[in-house]
Amino acid sequence: MPSSTWDDRAEAPIERADSFADAPLPASGGRQRTILTSADDPRLDLDTLLLRRDHPDLVVVLHGALVRKDVTLPRFEWLRSLRERPENLLFVSDPSLAWDEYVPLAWYVGPEEHDTTTHIAAEVAHLAARLGTTRTAFTGSSGGGYASLALAARTPGSLAVSFSPQTRISAYDRMPVKSFRTRLFPGHRDMESVESAHRDRVDQTHRWAAGEHQPDAFVRIAHNAKDHGHIEAHLRPFLRAAGVDEETFEGHPRISVVLDDFGEGHTPPRPTQMREHLDLALAWHAEVR
């Protein structure tokens, strides 16, 4: 049976359940931290925070990399920036980080033997059904942007609103990638081996490649124009693979790209920018779906 306590940081009651299919939910206007317990390993418990609204949209918010010594899990990134929005909001902490304390970023992939992305997608679908959701959007920046692409790929008709995302894990910075591989995929000597065994999980340029198996979902990438490294290593390869023109960003009815100035280098959008781009992405999706 679910048991309830209180989370001072989230200012919400805590409920524990096996799945969103039968978890208690807060009333409209309320919030609740829900821990979905794993039957396989308690380190894989899925920790979430739901802000429930009387609205047809569900926006799922994912976080990026952490400085582990400075952050206490669970991590509900963008809560302060987005909490006044009208949609149902589900903030999800990556359970991969509870698997190993030395992993700063895991892209919601999970350890090799547990496909965390697929599990989260299934639980979001359960919650969406319970809420009567007509549209699900996944959003995040950087590593959270990668996760938004991965989750949308597993959720037909959904929308990924992805801010300056990584699109292939092996193309990211050496140390986070090495930590990810050695701690979560220890049986593999390099990322080439991980990709060979789990390409769909660790390479969104492959998952979203043009062809009959391309996901039946929508992508809106809001990319920092000054993040030249990510544009070359992640954005352009993703667009080439997906069938989108790298210069005009045209050529695909379900993929849209906009550039904005978030600051120098690989930096997230400011809160006002994130809210504005989320509004624009939802409006675009309403027009093209």
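User: Which elements make a right-handed β-α-β unit with strand 7?

Analyst: First the idea: a crossover is right-handed if, with the strands pointing away from the viewer, the path from the first strand over the helix to the second runs clockwise. Helices (H or I, at least four residues) and strands (E, at least two) are DSSP runs, numbered from the N terminus. Here strand 7, helix 4 (residues 143-153) and strand 8 make such a right-handed unit. Mind the source: this is a predicted model, where local features need pLDDT of at least 70, side-chain atom pairs count only at pLDDT 80 or more, and totals for chains, interfaces and linings use all residues. Residues are numbered from 1 along each chain as its sequence is written, and side-chain values use heavy atoms, with hydrogens and water left out.

User: How many bridges join strand 7 to strand 8?

Analyst: Two strands pair if DSSP finds at least two bridges between them. Strand 7 (residues 135-141) and strand 8 run parallel, joined by five bridges. Ala 137 has Leu 159 of strand 8 as its bridge partner. On strand 9 (residues 218-224), strand 8 also pairs in the parallel sense, over five bridges. There Val 161 stands opposite Arg 220.

User: Are the faces of strand 8 covered or uncovered?

Analyst: Start with the cut-offs: buried means under 20% relative accessible area, exposed over 50%, partly exposed in between (1.4 Å probe, protein chains only). In strand 8 (residues 159-163), five of its five residues are buried. Both faces are covered. Leu 159, Val 161 and Phe 163 lie on one side, Ala 160 and Ser 162 on the other.

User: Which elements follow strand 9 in a β-α-β unit?

Analyst: Helix 8 and strand 10 complete a right-handed unit with strand 9. Strand 9 and strand 10 pair in the parallel sense over six bridges. Asn 224 has Asp 260 of strand 10 as its bridge partner.

User: Where does helix 8 have a kink?

Analyst: The bend at a residue is the angle between axes fitted to the seven residues ending there and the seven starting there. In helix 8, a kink of about 35 degrees lies at Leu 235, shortly before the proline Pro 237. Both Leu 235 and Pro 237 are among the buried residues of helix 8.

User: What do the buried residues of helix 8 pack against?

Analyst: Contact means heavy atoms within 4.5 Å. The buried residues of helix 8 pack against helix 4, helix 7 (204-207), strand 9 and strand 10 (255-260). After helix 8 comes Gly 243, with a positive phi near 90 degrees.

User: Which residues other than glycine have a positive phi?

Analyst: Most residues other than glycine have a negative phi, and most peptide bonds are trans. Ser 142 has a positive phi of about 60 degrees. Ser 142 sits in the loop between strand 7 and helix 4 and is buried at 12%. Ser 164 has a positive phi near 40 degrees. Its loop runs between strand 8 and helix 5 (174-184). Ser 164 is buried too, at 1% relative accessibility.

User: Which peptide bond is cis?

Analyst: The bond from Leu 73 to Pro 74 is cis, with omega near 0 degrees. Pro 74 lies in the loop between strand 5 (57-62) and helix 1 (79-82).

User: What does the side chain of Asn 88 reach?

Analyst: The side chain of Asn 88 reaches the backbone nitrogen of Arg 53 at 2.7 Å. Asn 88 lies in strand 6 (residues 88-93) and is buried, at 1%.

Note on methods: A polar contact is a pair of N or O atoms within 3.5 Å; within protein, one must be able to donate a hydrogen and the other to accept it, and residues adjacent in sequence count only if both atoms are side-chain atoms.
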